[in-house]
Structures are given as C-alpha cells and as structure tokens.
Amino acid sequence: MPALAGRRCAECGRLSVAASACPFCGAVGGQSVELSGRGRLQSFTIIRIAPARYAAEAPYAVGLVALDEGATITARVSGAPESLTLGQAVTLASVDARCGPVFQPA
Amino acid sequence: MRDVAIIGVGSTPFGKLERQGIVEMAVAACRDALAESRVPREKIQALYLGNFAGERLASQGSLAAIVVNRLGMSGIPATKTEGACASGGIAFRLGVLGIALGLYDFVLVGGVEKMSSAPTAEVTAALATAGDETAEMRTGLTFPGAFGIIMREHMARYGTTRAQIGLVSVKNHGLGAANPKAQFRKPVTLDEVVSSRLVADPIRLFDCPPISDGAAAAVLCPLEMARDFTAKPVRVLGTGHATGPATLWESADVTTMPATVRASREAYAAAKIAPADVDVVELHDCFTIAEIIATEDLGLFPKGKGGAAVEEGWTALGGKVAVNPSGGLISKGHPVGATGVAQIYELVRQLRDEAANQVRGAEIALAHNLGGTGVVSTVTVLGRA
C-alpha cells in the first residue's frame, strides 16, 4: 500500500503534500503527516494533446484531488477517463517516478 | 510621478508568419510604432520587450539587446521581461514607470513571440513551463488541461453552460473577421465550436487560441510632451501588477484569479474609476472560460454571472461593455510575449476612433493580461488625453 507523505507547517499551520519546504510560506521543518491517500475528485480533465514527453500515454486524466485530510493535490487519475465523475471517491494507487502520485477510482 | 502618454503604436499581423524570424518581427513592429510617433530614433532612451519562449521555440535569447541593435539604437538599456503570457503587459508597465518616475522621456515597449516553427508537442511543452513543473506540471497537465479543470468547476459551481462558454468563441471569431491583424478572419457558429475536436476535456479546439507568430510595440512619453508628436495622444490613467497562486491545488478557488482582482483594483484606484466606467476591454481570453472568469474578476459582472453576460450580449460590440473588439486571443492570435502590447495597440486605436471594430464614443479602455493559470496579471487603464 503506497503512502502519501504530508507536512503540517510549524509556521503557517497549513497541510501540504510532499515538498522540502512549505509551499505556502517557505518554512522548513514542520511535522510529517502520513496521509491516507483517500480523497474526492474536485475536478478533472482528459489530456488528448499531450506534451512530447507523455505523448505515448494520451489520452490520460489529470485531476484536482481533495484529500480527506484537507490538502489538495493535482495528480494523474488512472482508469477509463470517460468514466470519471465529479465528486467521485478516489484512492492513491501508486507513485510514478516521472508523473508523481497516481490515483484510481475507489 | 508624471502622467504618461502613448504617442505611437505598431503591430505585425498575427498568424503563421513562416518567412519572418523573431528578431525581424520585433523590429518591424517597433519601427511602425516609431514612425507613427514621429519620435526620431536617437531620442529613444530604453526598450522593454516582452517574450516568453524565444530560447526554446526560436533558438533566440538576448532578444531586447539584439533588437535595439537592429533598430539602430545600440547603447540604450534594453530589458526582456517574462511573466508567462503577461510578459508584454509587464514590459508595458515598466515602460510607463520609467517615464512616470522621471528616468526617461522616450521609451519603446514591445512584445514578440515566434511559435510556428516548432512542432505542436514542443509548443505544448514550452507553454507548460509557465506552470510549476515539480509541483504540478510533471503530472502531464497542459495549459488547455488546467483550464479544462477550471471550466468544469465553473460549470458545476455556477451552472455556466457549454453553450454560454462557446458563445465567447462565436463573438470573438466574429469580431476577428473584421480585424486586418487577426489570425482567424472567419466567423464560426456555436455548433462548430461545441463539436470541434477535444483538446483537454471539456476544452475543445475552438475554446483555444491558435499557435501564433507576431509582435506589437508602443512609444511612450510624458503627457506634457505628447502634443508635440501627435494630435491624438492616449493617456495612461493607471496600471496594476500582481501575482496569484502558481498551481491549481494551492488556490482556494480555481474559478477566480486573485492576481486579476488585485491588479485591477490597483489600476482602478490609480485611475480613480470604477469598473462600470469602462467602455471597452481587451482581456486575456487564453481560453473561452478565461474570458468569462476575467469579466467577473475585473468587476464587470458579479461572480458566476459571466456566462449569462455573454449570452445576453452584454459584452458584444454594442453591449454594456465591449469585450475583445479585436477578436481577442482566440481569434486575433496569441503570440505569447506580444499579447499584452497587442491589447494596448487595439485600445489606442479605439481611443483614437480608428479601430476595425470601433466602439462608438469609447472614453475609458482597459487591458488585462494574465500569465499561467493566474500566477501573474497586469491591468492597464487608458483614456483620451
């Protein structure tokens, strides 16, 4: 079961996903939080004209995932893109070295 | 701070200008603006040139310095400005500040982009560098994709319809048809828009601007000197420049652009006007939904009502406020670095009663330029001198 690492910033208190410093205020340190990987699809798109490095993978879906813990992440969503719906429950499926966390319908 | 005037503007046509290089286009637009201003070239004291992807798409960096050489102005300070699609607007604002603060009396401002020499996949990748690579774009999200995410949320939250969004494209293509500088000179029907090829669901081809080449330029001087050069100077009433969230995930609400809101409030305050005073707008319709959102963020219509506004004809040429009489980015074209200055070009023509799609009696004009998914914005308010 892959894990999603989060950070609770000691300075501004905001929760963010996997970064070396707080993306909101720049503070380093803070508290490591292990995230469940569960969330809802706040919005999404289906990329049909892809940048050169991902051309072979089109069409693929990229979504805004509102994680249960309160942070939001932009991430690939696997599965048939046309079957995705707004508000749908998703979970973390894997973490890809090139494109980052990949979610799937729950 | 001195008042600033625009005394000359120039623009190449926008399109796939196969035989024209990036430096050549910038020089052509600058020469046209200079000729119109009647300022002798030796009086120009600085160049600010907007450009986003010259290195990557045209193998040409160092653009501002090279262009001053080709204009016969070697020696003066030359600055290339970058702020994604707001590169041109930033160049314009710096030119204004240079005169307002008394550093210079005569400034040349320009913007240029050469995009058609590279394959589409490479242009797509270059445009994506306006987003945050490690924090968002590495997912394979593209700019059409980012606005697809935004469009889907705006529709879900406010009930904005596919048809309302499509009508932005119909309006802008219809206006572009009459604009001799426009890349697309053909009206389109709503049916054609909503059945055009999917690029990044729900964004379709006619929701997008084309890949374009082009350049635009303007000559600025203190208002008190303007009438020595032209009978119809245009006055810069106010400018604003602000940043916003760099990614979609860090934004509290992707259906609004805080950079637009902040930059416009700064410009309105400097110009001492309210949104309702604006007669004509050239705003950043990088996608059809971006026009709807911009009309809301600029305070022209309430939040969520931008779709209804275009459907009711309130943003048409004869409407409450004319939006994108040039045809906008969607029809006129979007050579990225040139766009902010091309908006100034159109609005100067409007305020001189010389525009292709003339807004009758236009007194107050507003230019809105936006970079990325709202990471930066400039807003300029212009009036008759």
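Chain B and chain A bury about 2,400 Å² between them, and 58% of that is on carbon and sulfur atoms. Buried area here is the accessible area, taken with a 1.4 Å probe, that two parts lose on being put together, summed over both. This is a predicted model: local features need pLDDT of at least 70, side-chain atom pairs count only at pLDDT 80 or more, and totals for chains, interfaces and linings use all residues. Residues are numbered from 1 along each chain as its sequence is written, chains are lettered from A and ligands numbered from 1 in the order in which they are written, and side-chain values use heavy atoms, with hydrogens and water left out.

Let's stay with the two chains. The contact takes 27 residues from chain B and 30 residues from chain A. Contact means heavy atoms within 4.5 Å. A salt bridge is a side-chain nitrogen of Lys or Arg within 4 Å of a carboxyl oxygen of Asp or Glu. For A:Arg48 and B:Asp201, the side chains meet in a salt bridge at 2.7 Å, N to O.

Now chain B by itself. It is divided into domain 1 (4-118 + 211-234) and domain 2 (126-210 + 235-384). Those bounds come from an automatic or database domain assignment. The centres of domain 1 and domain 2 of chain B, taken over C-alpha atoms, are separated by 22 Å. Their contact takes 48 residues from domain 1 and 41 residues from domain 2. Together these two domains of chain B bury about 3,500 Å², 68% of it on carbon and sulfur atoms. How many salt bridges are counted between domain 1 and domain 2 of chain B? The count is 3. Elsewhere on the list of pairs, B:Glu36 and B:Arg349 form a salt bridge through their side chains, at 3.2 Å, N to O.

Next, the core. A nonpolar core is a set of buried Ala, Val, Leu, Ile, Met, Phe, Trp, Tyr and Cys residues joined through side-chain atoms within 4.5 Å. Buried means under 20% relative accessible area, exposed means over 50%, and partly exposed is in between, with a 1.4 Å probe and protein chains only. The largest nonpolar core has 47 residues, and B:Leu141, B:Phe147, B:Leu248, B:Phe287 and B:Ile289 touch the most other members. Several elements each supply at least two residues of this core, among them strand E5 (60-67) of chain A and helix H6 (143-158) of chain B. H6(B) gives the largest share, 6 residues. Domain 1 and domain 2 of chain B both give residues to this core, so it lies between them. Take B:Leu141: leaving out residues up to four places away in sequence, B:Leu141 touches residues including A:Thr45, A:Ile47, A:Val62, B:Ala128 and B:Leu248. A second, separate core of 34 residues includes B:Phe92, B:Val280, B:Tyr345 and B:Ala365.

On to the sheet. In chain B, 10 strands form an open sheet in the order E3-E2-E4-E7-E1-E8-E12-E11-E9-E10, with mixed pairing. Strands (E, at least two residues) and helices (H or I, at least four) are DSSP runs, numbered from the N terminus. Two strands pair if DSSP finds at least two bridges between them. Strand E3 (78-81) and strand E10 (322-323) of chain B stand at the edges with a single partner strand each, so one side of each is left without a neighbour in the sheet. Strand E2 (residues 46-50) of chain B runs parallel to E3(B), joined by 4 bridges.

Is strand E7 of chain B enclosed or open? For strand E7 (residues 214-222) of chain B, 9 of the 9 residues are buried, so it is largely enclosed by the rest of the structure. Strand E1 (residues 4-11) of chain B runs antiparallel to E7(B), with 7 bridges. B:Val4 stands opposite B:Pro222 in E7(B). Strand E4 (residues 107-113) of chain B is also antiparallel to E7(B), again with 7 bridges. There, B:Glu113 has B:Gly214 of E7(B) as its bridge partner. E1(B) has 8 of 8 residues buried, so it too is largely enclosed by the rest of the structure.

Last stop: B:Arg384. This residue lies in strand E12 (residues 376-384) of chain B. At 29% relative accessibility, B:Arg384 counts as partly exposed. Beyond four places in sequence, its contacts include B:Arg235, B:Gln350 and B:Asp353.
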